[in-house]
Amino acid sequence: MSADDERRLARVALTWLAEPGTRVVHQLVERLGPVATLDLLLDGGGPDGRLRTAVAARSVAGDARAVAAEALDRADRLGARLVTPDDEEWPARVAGLSTLRLPDVSRRVDGETAPPLCFWVRGAWPLGEALDRSVAVVGARAATAYGQHVATELGYGLAERDWTVVSGGAFGIDAAAHRGALNSGGLTVAVLACGVDRPYPMGNTALFDQIADTGLLVSEWPPGAEPLRPRFLIRNRVIAGATLGTVVVEASARSGATQTARRAIYTNRVAMVVPGPVTSAMSVGAHELLREYPDKARLVTGVAHVLEEVGRIGADLAPVARGPQRPTDALDDEARSLLEALPRRGAMGVDRLAARAGVDVRTSLRKLSLLEELSMVVRRDDGYALAPRPSVRKGEART
């Protein structure tokens, strides 16, 4: 076995011995390398008692190197591949997870947020290239029709503009975002909390097959790994850290999507929130993010806002929201005042109209001539009157 193969095998074995994100393991690998770290842990060493206990317990189930070798063989049979930091396609942005520290940590899963040791990938795209221009779109599984519509529009619009749409493959918002990207013919990546050969939920199997055909399925867990509950939060740090920003479309009061957004915030990524109805339980968590992080969570309502947050400075500014343009928008103050002063019915002499509008007579005559040219007023024998509106035929809408 070559030295490169030995390092790859060691990374797989370490991920099996200790769950991905274990900070002590990551620090040991950074200092000693994966092979020496694996030898140290298998010999009962290591600076952390909890880690030593976990390694001893897992080792009862089998030899770590043999398990890793079997995982690599299984991946080959599936057409999947292992990607490590030694490979050109490694996504460099995930290194930012080394600084991720969440406040008020009470659960182990919130403290073990180190960068991945390796990824299992199914799909043809180079992983780093796929994630280079990427945005995460996440949200509630029990999404409303409103949320699914917004997520689909975001997925479609981002992919149409050559941005990769990243999500977790779950029901609801995740699936809608993936489908939107697929419908546009763009690229989407599903980051899983289980093996790439047993996507969860099973109801999205056809969707996962589509993603594997044109995008990527990605996981830190080897083929065959089960979708255990803690693994979803472990997975979420990758969604947050591998992308330039995370958009939360809908989230209940206790939602994994809000945890993804918090991981984005504390990894110095852009966190974005789509507002929803205040009467909807699926908007409570999303709105709370805006309240809890007023300086870091950005309100967005569409693709243009998202691109303004994650795109190039000065090149991806969202247009200012405006109502429909009206003919009077181009008028100056005097012309608008005269127009407003005219009676709804009948005509009014210039002297009286000027007094009513607060505009001198000479200026009034000049502005009334302009309004007449614009077909907004008509001149009569007894003064000026509002021009009649065009008649609307039955079945036509007035513009």
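A nonpolar core is taken here as a set of buried Ala, Val, Leu, Ile, Met, Phe, Trp, Tyr and Cys residues joined through side-chain atoms within 4.5 Å. In this predicted model, the largest such core has 37 residues, and those with the most contacts inside it are Leu14, Val25, Leu41, Leu51, Trp120, Ile211 and Leu217. Two or more residues of this core are given by each of helix 1, helix 2, helix 3 (34-42), helix 4 (49-59), helix 5 (64-78), helix 9 (173-183), strand 5 and helix 10 (205-214), with helix 1 providing the largest share, seven residues. Beyond residues up to four places away in sequence, Val25 touches Leu14, Ala18, Thr37, Leu41, Leu51 and Leu117.

The largest cavity has a volume of about 90 Å³ and is lined by 14 residues, of which Glu19, Pro20, Gly21, Thr22 and Leu117 lie nearest its centre. Helix 1 (3-17) and helix 2 (23-32) are the elements that give two or more residues to this lining, whose residues divide into seven nonpolar, four polar and three charged.

The second largest cavity holds about 50 Å³ of space, and its lining consists of Phe119, Leu127, Leu131, Val166, Val189, Val191, Val218, Val238 and Ala242. Two or more of these lining residues come from each of helix 7 (127-132), strand 5 (188-192) and helix 11 (229-242). By class, the lining of the second largest cavity comprises nine nonpolar residues, with no polar and no charged ones.

Definitions and conventions. Residues numbered from 1 in each chain as written. Predicted model: local features only at pLDDT ≥ 70, side-chain atom pairs only at ≥ 80, totals over all residues. Heavy atoms only, no water. 1 Å grid on protein atoms, 1.4 Å probe; cavity = no way out; pocket = protein on both sides within 12 Å on 5 of 7 lines; lining within 4 Å. Points joined across faces, edges and corners; volume = space filled by probe spheres on them. Helix = DSSP H or I, 4+ residues; strand = E, 2+ residues; numbered from the N terminus. Nonpolar A, V, L, I, M, F, W, Y, C, P; charged D, E, K, R; others polar. Buried < 20%, exposed > 50% of the residue type's maximum accessible area, 1.4 Å probe, protein only. Contact = heavy atoms within 4.5 Å.
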